[in-house]
Amino acid sequence: MQLPARQAKAPGQPVDQCAIGAVIQRRCGDGDLQASPVLAAHRVAARARLQVDGKQHAVGVLRQPCRQVSDDGRARIDAPIGRLQLRFPHCVRPLNDTLLRALLRQPTDYTPVWLMRQAGRYLPEYRATRARAGSFLALAKSPALATEVTLQPLERYALDAAILFSDILTVPDAMGLGLHFADGEGPKFERPVRTEEDVARLAVPDMAQGLGYVMDAVREIRRALANRVPLIGFSGSPFTLACYMVEGGGSDDFRLIKTMLYRRPDLLHRILAVNAAAVAEYLNAQIDAGAQAVMLFDTWGGALADGAYQQFSLAYIRDVVSKIKRESEGERIPTIVFTKGGGLWLEQIADTGCDAVGLDWTVNLGAARMRIGGRCALQGNVDPMILFGGEAAIRREVEAALSSFGAPAAGSGHVFNLGHGISQHTPPEAVSVLVDAVRQVSRRMRPPEHARH
């Protein structure tokens, strides 16, 4: 492939992107460039003017095999003027950056798609890995196995993002509450938080000591992805975590936490303040490890009454969002907020400072777009049960959702997703139909002026 000629830049200045290859972001020193990785045949291509041994060299284009990238993101190549060291920073744009562009309301060639719980029990390969691990916690706490299952859906489907495989309750587990999984009953805590003494003992956990395995998984997943698609990090929202912490597990009526909310709101606010500080630190640690977008799952915020939602969930989401790093290694880190059952409060969620609002399947996409306007991108939102309806129904519902959102326009963004997590009983072939339909229909709907150039 013939590269167009470009004028070499002076030392220290940014260098243009080559038609193929890497983007040199800045000179880090003599013969030391910072660049994004190139996947094709493990080769690097760069254009720069370098200073080596005190002399200026107009290098032009270098295409050389790249040795394996080390953990610190460095690799060496042999160049015509000697050995160059290229550094591959964690947070560079992936080759497929469609998701990031949509979250930031930039033009895309099609609507990107990923699925909540896309790495999960509906996949036979996941079940095999889970059996090999011996338990869910052993799976989630092994960076190697978490990497394996994170990548499994990407090997099957043309998805536009990977999402970190982990558990929503890692943070309270690191607080010492004793997370375990009872057969057929889901997550349980040995030491729930219900008294003043319990609340007084709560503290933000040490990220390296208590949650280092999560950051190790993020780094390992990034290496395994080789920057083909972005990696999404995530956490439960402060209120959702508090629900499990107070109830001691899942709940049908949230009786214990709502009793605390109405009888001792001071205790609940103390829990939520600790949780918010921990969640912000946790998400920032994931970003430092390589996450390229982050999502807050407010799974149980919709169980609150209007008024209580703003006071006990939304306020702490806003606090977390305000503390999340907005940029890493020169790239924007988009933030997604998803409140299941939060259709009543979309405008208020958009005002938290997030980049995208997640929608469950009870919300009309077109109406949500009108309500939020150009403040945020939208993510969602078909009913996960459409995946049991057969190919014709899946294609029909995908087209209906995309048509409801409407044609893309300047300042808008849409990421296709389910309205909640995929069911463990979903036929894997149904996901293929869904992903294919999203790609086909959204390409057809795009006006030429909205395509990425």
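**Helix packing**

I began with α10 and α11, whose crossing is right-handed. Right-handed here means that the near helix is turned clockwise from the far one by less than a right angle, left-handed anticlockwise. This is a predicted model, in which local features need pLDDT of at least 70, side-chain atom pairs count only at pLDDT 80 or more, and totals for chains, interfaces and linings use all residues. Residues are numbered from 1 along each chain as its sequence is written, and side-chain values use heavy atoms, with hydrogens and water left out.

Helix names come from DSSP runs (H or I, at least four residues; strands are E, at least two), numbered from the N terminus. α10 covers residues 265–289 and α11 covers residues 308–323. Their axes come within 9 Å and cross at roughly 30°. I took axes as lines fitted to C-alpha atoms over the stretch in contact, with angles from 0 to 180 degrees between N-to-C directions. The two helices are therefore roughly parallel to each other. The cut-offs are under 35 degrees for roughly parallel, over 145 for roughly antiparallel, 65 to 115 for roughly perpendicular, and oblique for the rest.

I then listed the contacts (heavy atoms within 4.5 Å). From α10 come P265, L268, H269, L272, A273, A276, V279, A280, L283 and N284. They meet Q311, F312, Y316, D319, V320 and K323 in α11. By class, this contact has 11 nonpolar, three polar and two charged residues. Nonpolar means Ala, Val, Leu, Ile, Met, Phe, Trp, Tyr, Cys and Pro; charged means Asp, Glu, Lys and Arg; the others, Gly among them, are polar.

Next I checked α7 against α10. The axes come within 9 Å and cross at roughly 40°. That makes α7 oblique to α10. This crossing is right-handed. On the α7 side I found M207, L211, V214, M215, V218 and R219. Their partners in α10 are A278, E281, Y282, A285, Q286 and A289. The contact has nine nonpolar, one polar and two charged residues.

**Pocket and cavities**

I searched a 1 Å grid over the protein atoms alone: a cavity is a set of points where a 1.4 Å probe fits but cannot get out, a pocket is an open set with protein on both sides within 12 Å along at least five of seven lines, and lining residues have an atom within 4 Å of a point. Points are joined across faces, edges and corners, and volume is the space filled by probe spheres set on them.

The largest pocket holds about 1,400 Å³. I counted 40 lining residues, with R117, R121, F136, D167 and F181 nearest its centre. α2 gives the most to this lining, with three residues. The lining divides into 20 nonpolar, 13 polar and seven charged residues.

How many cavities of 30 Å³ or more are there? I got five. The largest cavity has a volume of about 120 Å³. Of its 15 lining residues, T111, F405, P408, H414 and R446 are the closest to its centre. α14 (391–405) and α15 (428–445) each supply at least two lining residues.

**Backbone**

Most residues other than glycine have a negative phi, and most peptide bonds are trans. I noted A226, with a positive phi of about 55°, in the loop between α7 and β10. A cis peptide bond joins G380 and N381, with omega about 0°. N381 sits in the loop between β16 and α14.
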